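Dear colleague,

Please find below the structure I promised to pass on to you. Have a look at it first, and then read on for what was found in it.

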Amino acid sequence: MTQPKDHWSAEAYSTSASFVPKLAQTLLQFLDPQPTDKILDVGCGDGKFTEAFIPAVETVLGVDSSPAMIESATKDYGGPKAEFRVVDCCYLDRESSIVNGTWDKVISNAALHWILRNESTRMSTLKAIYACLKQGGTYVFEMGGHGNVSEVHTALIFALVQQGIPIEKARKTSPWFFPSVSWMTNELQEIGFKVEKMETEYRPTKLTDAANGGLAGWVRLMGAPFLDVLPAEKREAVVQQVCEVLQTVVTRHEDGSQWLGYVRLRGIAKKP
């Protein structure tokens, strides 16, 4: 199996998406970390969110498919309580040393809309999360919900169509899966979870104003799979086109700040 291209870097993520771990306070409340907790963090990225609960629990394992992000997490937050490991969570079910029914809690922040994108592995990943937990264990997550970043999602698909990519291929190029409350509730219950809470929050989110960040930086990082279907020499022009199309849509008149329409889907589910 060929390894997918690693689009991620801790530096680019900090420049263009530093708000992601900072906006996870509600998720931390849902997690309710306890001193005896053994926690699995699925799609941990650079560990900046994981760091928020490492001191409060017994042990944490963070897994992510990006070697660059795991290297950064290990360097910054690895230690006696926290280990970080490269794992493609689309194939979490193959990791018998992790999927062993010993975890008190599984948490995931801003990662499942990437991990669940592949329909062929979607349910096996959710079933693996269930199998990771001990009886009475808790699964807590936040991800993009239905309608998340719809303006930039639409602009990216249209930009590819303008470049001659057929509409069906442009749609399939999208790296995201943004489910509704009812879809996620039904699927988790089907697996065996008892869903205790499932909610969406419309949360317009201010983009960074760092050099190389902002909307263009967000599109280059988060939209990399869209751009990859184009010849290298055309990608930056498409980034600029998306920014120009969205200029008045995402920019606030009073101060020039730029905001994307984030929709967050959050849930708490127990393994009976």
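This is a predicted model: local features need pLDDT of at least 70, side-chain atom pairs count only at pLDDT 80 or more; totals for chains, interfaces and linings use all residues.

As a reminder, a pair of packed helices is described by the angle between the two axes and by the distance between them. For α6 (residues 119-132) and α9 (residues 181-191), the axes come within 10 Å and cross at roughly 60°, which makes α6 oblique to α9.

A second pair of helices can be described in the same terms. The axes of α10 (residues 214-222) and α12 (residues 232-250) come within 9 Å, with a crossing angle of roughly 130°, and these two helices are therefore oblique to each other. Their crossing is right-handed, and in it Leu215, Ala216, Val219 and Arg220 of α10 meet several residues of α12, including Glu236, Val239, Cys243 and Leu246.

Turning to charged side chains, the structure holds 14 salt bridges, and one of them joins glutamate 142 and arginine 264, at 3.5 Å from N to O. Because glutamate 142 lies in strand β5 (residues 133-144) and arginine 264 in strand β7 (residues 259-270), this pair ties together parts that are 122 residues apart in sequence.

Note on methods:
Residues are numbered from 1 along each chain as its sequence is written. Side-chain values use heavy atoms; hydrogens and water are left out. Axes are lines fitted to C-alpha atoms, for helices over the stretch in contact, and angles run from 0 to 180 degrees between N-to-C directions. Helices (H or I, at least four residues) and strands (E, at least two) are DSSP runs, numbered from the N terminus. Angles under 35 degrees count as roughly parallel, over 145 as roughly antiparallel, 65 to 115 as roughly perpendicular and the rest as oblique. A crossing is left-handed if the near helix is turned anticlockwise from the far one by less than a right angle, and right-handed if clockwise. Contact means heavy atoms within 4.5 Å. A salt bridge is a side-chain nitrogen of Lys or Arg within 4 Å of a carboxyl oxygen of Asp or Glu.
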